[in-house]
Amino acid sequence: MTRKKQRGIMVLLTLYRATSYDIIFFYPIQLIFLYQTRGISLAQNVFLESCFWLFNFVFMTVATIISEKITTKQATVAGSILWIISVLIYLQPASSYYYYLLLLAEVIRALGLSLKSVADFALIRDVLEQRGLYDNSLSGQKNYSSVEGNAMAINCTGDAIVAFLSAKLMAISPNLAMWLCLASCIYGLVLSCMLPSQPKHNKPISTEDKKSTTYRSIMSNKVIATVVIHVFIVYGTFCYWENLGKNLLQEIQVTAWTYGIIMTLLYVS
């Protein structure tokens, strides 16, 4: 592969990963969009966010099973489509059943994130490996780290910019910021369709292997079970306090500009 093609594939993978960590632009505007333009209370916002992370935790197992049946590229495309559907639900007009639609959107968004989380690590690694850009050497690992690091930087920078500009966007149109979020999802879908196709790597698993790798046998290990439970509780607690903190900013009635600046500083840091 020529150096130009190598740079091209690195750029494609970086741009794709920047859109696949989570819905880009979504979190800086989610709360302020629902609270100010759709009339969703702060308590309801906390409940929605809690449901999302619970669904995401449960769907990780479902996504693993699905990814065994399809290729990693198909899983990322499916995840992108699910994200588009979830944002479209958010953009529905306020109504008596709008909150129930939001709960459905959280289920769909969580499944989309789970599919991408399971598939993307293998997909990025395999694409680089097949082109001689990834191995156990320092330079091979550097290429992978470059893709992930640059993608995360782009993702956080985009969120920071939108957090700062969200007040201005919503002043132009209440739905404009969420439409921008939808555009980023469509852009992510286009990039996921441009990714090189990956073959299935799943080999038939013998009955003996299945018995030795069941969840029950894994969780029977007290050390592993303790780590999993600890991570679940700590991560869930941090997510709860993070969302509660954003709700507190709205509760004390900070201006939209102040909220955007605070969120920008958080993403930059």
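Select Ile154 to begin: this residue of the predicted model is partly exposed, with a relative accessible area of 37% (buried means under 20% relative accessible area, exposed over 50%, and partly exposed in between, with a 1.4 Å probe and protein chains only). Ile154 belongs to helix H6, residues 138-172 (helices are DSSP runs of H or I with at least four residues, strands are runs of E with at least two, and both are numbered from the N terminus).

Two notes on conventions apply throughout. Residues are numbered from 1 along each chain as its sequence is written, and side-chain values use heavy atoms, with hydrogens and water left out. Since the model is predicted, local features need pLDDT of at least 70 and side-chain atom pairs count only at pLDDT 80 or more, while totals for chains, interfaces and linings use all residues.

Now display the whole chain. It has 11 helices and 0 strands, and 43% of its 269 residues count as buried.

Next, select Arg17, Asp120 and Glu148, which are linked in a network of salt bridges (a side-chain nitrogen of Lys or Arg within 4 Å of a carboxyl oxygen of Asp or Glu). The bridge between Asp120 and Arg17 has an N to O distance of 3.2 Å. Asp120 lies in helix H5 (residues 98-130) and Arg17 in helix H1, so this pair ties together parts that are 103 residues apart in sequence. The bridge between Arg17 and Glu148 is 3.0 Å, N to O; it links Arg17 in helix H1 to Glu148 in helix H6, 131 residues apart. Asp120 is buried at 1% relative accessible area, Arg17 at 10% and Glu148 at 13%.

Glu106 is buried at 0% relative accessibility, and Arg109 is buried with a relative accessible area of 0%.

Move to Phe25, in the loop between helix H1 (3-20) and H2. Its phi is near 75°, a positive value in a residue other than glycine. Most residues other than glycine have a negative phi. Phe25 is buried, with a relative accessible area of 15%.

Continue into helix H2 (residues 26-37), where 9 of the 12 residues are buried, among them Phe26, Tyr27 and Leu31. Gly39, which follows H2, has a positive phi near 70°. From Leu31, draw a C-alpha to C-alpha distance to Val46: the pair is 9.3 Å apart in space and 15 residues apart in sequence. Val46 is found in helix H3 (residues 42-67) and is buried, at 13% relative accessible area.

Finally, which residues line the largest cavity? Select Thr19, Ile23, Ile24, Ser80, Trp83, Lys116, Ser184, Cys185 and Gly188. H7 gives the largest share of this lining, 3 residues.

Terms used. 1 Å grid on protein atoms, 1.4 Å probe; cavity = no way out; pocket = protein on both sides within 12 Å on 5 of 7 lines; lining within 4 Å.
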